[in-house]
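Colleague: I have not looked at this one before. Can you walk me through it?
Modeller: Here it is.

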Amino acid sequence: MDSPGSGKEAASSGRVRDKQPTLDSTDRKLIALLQENARESVTELARKLKLGRTTVHERIAKLEKSGVILGYSTILSRNLGTPASRAIVMLSLVQRMQPAVMERLRRLPEVLTCHTVSGDFDLALMVEAPQMDDLDAVLDEIINLPGVERCRSSIIMTTNFDKG
């Protein structure tokens, strides 16, 4: 049996949700609390929201069923003894080469995320490597991928907050 929010119901039906659900301020507060700590007990969430435990449990179930909450994940610490070097990388691609470029990027473990964007660039990447030399090598590899026309990278100096 699949757990609620595992995404299997959405995958089997071919769509995540029929229409955009309406979220009230309590739903938004609940989502914010779950984003801070998805393992927080329903009892503790209810205390923080000043609601009954059953009410909070039902709201979570409704958010999962409607597709607002698609699942829960474990976020690993990236600060395992040494700070990593990170960069935001913008790529401009040769027309019609995006699928091939994205498949090659997917194979690079240093590429954490890849977003299609509008504007002067086609893709925005978050790239991370253990040291600056490693990051430089990955950036060289990315710019030399077939289909990449132009690359602009910005080294991340400090992360002020990360909502995961």
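Modeller: Start with Lys50, which sits in the loop between α3 and α4 (53-65); helices (H or I, at least four residues) and strands (E, at least two) are DSSP runs, numbered from the N terminus. This is a predicted model, where local features need pLDDT of at least 70, side-chain atom pairs count only at pLDDT 80 or more, and totals for chains, interfaces and linings use all residues. Residues are numbered from 1 along each chain as its sequence is written, and side-chain values use heavy atoms, with hydrogens and water left out.

Colleague: Is Lys50 buried or exposed?
Modeller: Lys50 is exposed, with a relative accessible area of 74%. Buried means under 20% relative accessible area, exposed over 50%, and partly exposed in between (1.4 Å probe, protein chains only). Phi of Lys50 is near 60 degrees, a positive value in a residue other than glycine.

Colleague: What about phi of Arg96?
Modeller: Arg96 is not a glycine either, and its phi is positive, about 70 degrees. Arg96 lies in the loop between β1 and α5 and counts as exposed at 74% relative accessibility.

Colleague: Change of topic. Which residues have the most contacts inside the largest nonpolar core?
Modeller: Val89, Leu91, Leu105, Val111, Leu125, Val127 and Ile142, in a core of 18 residues. A nonpolar core is a set of buried Ala, Val, Leu, Ile, Met, Phe, Trp, Tyr and Cys residues joined through side-chain atoms within 4.5 Å. At least two residues of this core come from each of β1 (85-93), α5 (98-106), β3 (123-129) and α6 (132-143). Apart from it lies another core, of twelve residues, including Leu30 and Val56.

Colleague: Which residues of α6 are buried?
Modeller: Leu135, Val138, Leu139 and Ile142 are buried in α6. They cover an arc of only 100 degrees around the axis, so they are on the same side of α6; the arc is that of the directions from the helix axis to the C-beta atoms.

Colleague: And what covers them?
Modeller: The cover of the buried residues of α6 includes β1, α5, β2 (111-116), β3 and β4 (148-155). Contact means heavy atoms within 4.5 Å.

Colleague: Last one: where is Glu40?
Modeller: Glu40 is in the loop between α2 (25-36) and α3 (42-49), and is buried, with a relative accessible area of 19%. Leaving aside neighbours within four places in sequence, Glu40 is in contact with Leu45 and Lys48.
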